[in-house]
Each structure stands twice: as structure tokens, then as C-alpha cells.
Amino acid sequence: MNLIILLLPIIAIVLMFRSQKKRQQQMQKMQTALEPGAGVRTIGGLYAQVKAVNDETVELEIAPGVVTYFTKSAIAAVLDPAEYDAIINGRPVDDELSEASDEDAEIEPADEKPLSLSKDGAEKAEAEGGAPASK
């Protein structure tokens, strides 16, 4: 019984160090795989494209012509080109959604009076018994 009480904390500590070392190895592998043209996400949530990789820093283009310098450890993830493009330029519309919007576009709107924001329209509405316009 006493042996189990002594072994449980030791096993827990070993497992924690092992998982931490595994995460560090994955980060190191990702940082060495950085190359110009790759899309990345920083630890602050900024999406950018890698322009150059130096010994300790990475040059990131956050907007056309705007280059910033980050440490390699500030890079949280290297994104696939398709994923980076979808995030930066917006996700493509599904075929089903585009078909539904085409069908909605064919329906003609009902004949209604257009809304007017002019004072003349508000005075006419009051004269007709409508709600008074706010002033």
C-alpha cells in the first residue's frame, strides 16, 4: 500500500515531463520547417505570410507591403496553403447555398412603398394617421 502511494506521484511527474518534451519537439520541428511563402498563425492570432526566415527571427508580411519581425517561438502554427487562402480570402460558397440564392433572386418583391427618410415622408405619414416621426 505504501509503495503505491510513493509510485503514483513519480509516475505522474514522468508522464508530465514526457508530454512536455513531445510538445517541445513538435514546436522545434515546426519552426525548422518554416519557409518563405508559407502561411502562419502567430500566438497572438495574427495570420501572415512568411517572407524570410533568419536565425532567431521570421519576417512576416501581414498586409501587402507591410513586413514585421517576429521571433520563431511566436509562430503557433504553419497552415496548409488551402487553409490559409480560405482564412484570408473567405471560405468558398457551397454549391447548395449558391443554388438556393439563385432561386431566391428569381422571386419578385411585393409591391410595397419604399421607405423614405425625408421629412416630407414623415409629415405625410402623420397626416395619414401613421406613427409620428421622431425628431
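This is a predicted model: local features need pLDDT of at least 70, side-chain atom pairs count only at pLDDT 80 or more; totals for chains, interfaces and linings use all residues.
## Overall architecture

The protein chain contains four helices and five strands. Along the sequence these elements follow the pattern α-β-β-β-β-β-α-α-α.

Of the 135 residues in the protein chain, 15% are buried. The accessible surface of the protein chain comes to about 11300 Å², and carbon and sulfur atoms supply 57% of that area. Taking contacts between residues at least 6 apart in sequence, 38% join residues at least 24 apart.

## Pairing around strand 3

Strand 3 covers residues 57-63. Strand 3 pairs with strand 2, residues 47-53, in the antiparallel sense over four bridges. Within this pairing, valine 53 stands opposite valine 58 of strand 3. The link from strand 2 to strand 3 is a hairpin of three residues.

Strand 3 also runs antiparallel to strand 4, residues 66-71, and six bridges join the two. Here threonine 57 stands opposite threonine 71 of strand 4. The hairpin of strand 3 and strand 4 has two residues between the strands, and glycine 65 in this hairpin takes a positive phi near 85 degrees.

## Glutamate 59

Which strand holds glutamate 59? The residue is found in strand 3. Glutamate 59 is buried but has no salt bridge. The nearest side chain of opposite charge belongs to lysine 51, at 9.0 Å. A salt bridge would need a side-chain nitrogen within 4 Å of a carboxyl oxygen.

Leaving out residues up to four places away in sequence, glutamate 59 touches Gln49, Val50, Lys51, Ala52, Asn54, Val67, Thr68 and Tyr69. Lysine 51 is therefore one of the contacts of glutamate 59, where contact means heavy atoms within 4.5 Å, although no salt bridge is formed by glutamate 59.

## A nonpolar patch on the surface

Which residues form the nonpolar patch on the surface? Leu3, Leu7, Ile10, Ile11, Val14 and Leu15 do, with about 570 Å² of accessible area together.

Leucine 3, one of the patch residues, is found in helix 1, which spans residues 2-32. Leucine 3 counts as exposed because its relative accessibility is 58%, and the cut-off for exposed is over 50%.

Notes
Residues are numbered from 1 along each chain as its sequence is written. Side-chain values use heavy atoms; hydrogens and water are left out. Buried means under 20% relative accessible area, exposed over 50%, partly exposed in between (1.4 Å probe, protein chains only). Lys and Arg count as positive and Asp and Glu as negative; His and the chain ends are not counted. Patches are made of residues with over 30% relative accessible area and no salt bridge: like charges are joined within 9 Å, nonpolar side chains (Val, Leu, Ile, Met, Phe, Trp, Tyr) within 5 Å. Accessible areas come from the Shrake-Rupley method with a 1.4 Å probe; for residues, only the protein chains shown count as cover. Two strands pair if DSSP finds at least two bridges between them.
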